[in-house]
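Here is a short report on one chain.

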Amino acid sequence: MVPSGSREVLSSGPDNPSANFGENILGAAAEGERVRLPDLSTLFQTRAARLRELAPGHDLEGFLRLIAALVTAQHGALSKLPPGSLPGAAEIAKARLVKRAPLDPAIWSRDESWRVALSCILETIDGEVLPESARAARDALLAAKPAELEALADRFLGGDVAGPEAAQAVFVAAALQVVWTRMAALLDAADLAGETESGDCPACGSPAVSGLISPGGTKFGHRHLHCSLCATSWRYVRVRCVHCGSTDKISFRNLAGSSYLRAECCEVCQGYSKVFYLEKARAIEPLADDLASLGLDVLVGEEGFARVPNPFVLGIMQHPPED
């Protein structure tokens, strides 16, 4: 389920673009980095600014402003974090041996710093933009015991969030993003695989929230996937399913009037991913623009395709009513 209003942004009969769709805007350029670690000084500020830019006049304006406030609180939480821990050379080598990312939550135990981030977010987020369900979730989390918070974090990271706790899980996801982003930013990119076969983040093993095509290497440009948890980006082969790795039966969907965005759909596993095409006049932020294009998710979902959803879309945190 996506916030109400998404269906209204659907076009009537989206086209299936040709194989050369969007390629004419991409020129030859020097080869880009295989792995790009997040920039802590700008990441959350840039994301919040993009959400505020996208909000005016959007069918999901209230929802986008809500997430902008949440991301702003994330930025503030960064400076309040206590010293944390990082995998050392031995842990990184062990992770590589078992073909896992060094910050994969399944093998790297989080410390209590994420609960510090959660407290900061809950206490500093602008309450004026929170709908009733979000305020109730915030109050419940402020009253929760540490063991209850840890259990909810486990369920979120394991993809096992129940409907009644989805609003709480959005705040938990935001806190986990803060600490995993800090950890990823402190890694050495040389320790991470440059191009993964599975499409999962080489830093933490989480799924991508979307991909960006930017000039580099050839006239067709490079695709970089962007992690939904730690904000690391990594180069990934184009026209290849990020879920199963297939290059067969890949097709594309887009909405009328959105030439910078299309969904790459795999008819082998029925998975899909979003691809944004960077143009000189556009400033795309992967997570923010993903949230602003939920109509495309509705479109491809109705055709039977699926993906791991954006962590801020869990079906419960609806936008406040418009005046």
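A residue counts as buried when its relative accessible area is under 20%. Both Y260 and F276 are buried. The model is predicted.

The structure holds one aromatic pair. Its members are Y260 and F276, stacked at 6.3 Å centre to centre with 20° between the planes. Y260 sits in the loop between β5 (250-253) and β6 (261-266), F276 in strand β7 (residues 272-277), 16 residues apart. Elsewhere, R262 lies over the face of F252, at 3.6 Å from the ring centre.

The chain has nine helices and seven strands. Buried residues make up 52% of the 323 residues.

The salt bridges number 17. Three of them are listed here.

| Salt bridge | N to O distance |
|---|---|
| D290 and K274 | 2.9 Å |
| D297 and K274 | 2.6 Å |
| R307 and D297 | 2.9 Å |

D290 lies in helix α8 (residues 286-291) and K274 in strand β7, so their bridge ties together parts 16 residues apart in sequence. D297 lies in helix α9 (residues 294-302), so its bridge to K274 ties together parts 23 residues apart in sequence. R307 is in the segment after α9, ten residues from D297.

How buried are these side-chain partners? D290 has a relative accessible area of 0% and K274 has 1%. D297 is buried at 10%, and R307 is buried at 17%.

A network of salt bridges also links R110, R115, E150 and D154.

Methods: Residues are numbered from 1 along each chain as its sequence is written. This is a predicted model: local features need pLDDT of at least 70, side-chain atom pairs count only at pLDDT 80 or more; totals for chains, interfaces and linings use all residues. Side-chain values use heavy atoms; hydrogens and water are left out. Helices (H or I, at least four residues) and strands (E, at least two) are DSSP runs, numbered from the N terminus. Buried means under 20% relative accessible area, exposed over 50%, partly exposed in between (1.4 Å probe, protein chains only). Rings of Phe, Tyr and Trp (its six-membered ring) pair if their centres lie within 6.5 Å; planes under 30 degrees apart count as stacked, over 60 as edge-to-face and the rest as tilted. A charge sits over a ring if NZ of Lys or CZ of Arg is within 6 Å of the ring centre and within 35 degrees of the ring normal. A salt bridge is a side-chain nitrogen of Lys or Arg within 4 Å of a carboxyl oxygen of Asp or Glu.
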